[in-house]
Amino acid sequence: MPTLSEYFLELVKRKDVSYERISEETGISNGTLSYIGMGKTEQPKSGTLKKLSDYFGNNPSEKMEIYNSFMRLAGHYDLPPQLREVEIVRRLRRDYPEIYHEIVGDGELGLD
């Protein structure tokens with residue numbers, strides 16, 4: 001399993017883009033991007049990881065896959081097993097409402 005830094009660098013390489021361009025298009029500082037790339041940030045904020053997944057993903061499904069990988073590698077999903085699924089669904093509902101509603105429809109999963 002790659003580290004967060006390795007995964008991020010692979011996405012940067014695959015898209016063949018500079019940190020400056022990513023920064024311009026996402027609003028994430030060049031310093032934050034550098035820290036992620038060098039593995040110097042322990043746990044980037046979920047909002048930062050969301051912006052990056054939106055930037056690197058080509059469609060909603062791919063964006064969600066990248067986001068979940070970022071979150072897992074950053075340690076945001078290091079929760080007790082019984083809480084893991086609930087937290088993932090809450091974050092899906094919050095960060096990717098279009099996918100959440102595609103799965104659930106007009107209903108709710110009753111997580112609150």
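**Note on salt bridges and helix packing**

1. Aspartate 54 has a relative accessibility of 27%, so this residue counts as partly exposed (buried means under 20% relative accessible area, exposed over 50%, partly exposed in between, with a 1.4 Å probe and protein chains only). The model is predicted: local features need pLDDT of at least 70, side-chain atom pairs count only at pLDDT 80 or more, and totals for chains, interfaces and linings use all residues. Residues are numbered from 1 along each chain as its sequence is written, and side-chain values use heavy atoms, with hydrogens and water left out.

2. Aspartate 54 is joined to lysine 50 by a salt bridge, with 2.6 Å between the closest N and O atoms (a side-chain nitrogen of Lys or Arg within 4 Å of a carboxyl oxygen of Asp or Glu). Because aspartate 54 and lysine 50 are four residues apart in helix H4, about one helical turn separates them (helices are DSSP runs of H or I with at least four residues, strands are runs of E with at least two, and both are numbered from the N terminus). Lysine 50 has a relative accessible area of 17%, so lysine 50 is buried.

3. How many salt bridges does the structure hold? There are three. One of them links the side chains of arginine 21 and glutamate 25, at 2.7 Å from N to O. Both residues belong to helix H2, where they lie four residues apart, about one turn of the helix. Arginine 21 is partly exposed because its relative accessibility is 46%, and glutamate 25, also at 46%, is partly exposed.

4. Arginine 94 and aspartate 95 form a salt bridge as well, their closest N and O atoms lying 2.9 Å apart. Aspartate 95 has a relative accessible area of 13% and is therefore buried.

5. Helices H2 (residues 19-26) and H4 (residues 46-56) pack with their axes 11 Å apart, at an angle of about 105°. H2 and H4 are therefore roughly perpendicular to each other (the range for this term is 65 to 115 degrees). H2 contributes Arg21, Ile22, Glu25 and Thr26 to the contact, and H4 contributes Lys51, Leu52, Tyr55 and Phe56 (contact means heavy atoms within 4.5 Å).

6. The protein chain as a whole has seven helices and zero strands. Of its 112 residues, 37% count as buried. Among contacts in the chain with a separation of 6 or more, 54% come from residues 24 or more positions apart.

Key:
Axes are lines fitted to C-alpha atoms, for helices over the stretch in contact, and angles run from 0 to 180 degrees between N-to-C directions. Angles under 35 degrees count as roughly parallel, over 145 as roughly antiparallel, 65 to 115 as roughly perpendicular and the rest as oblique.
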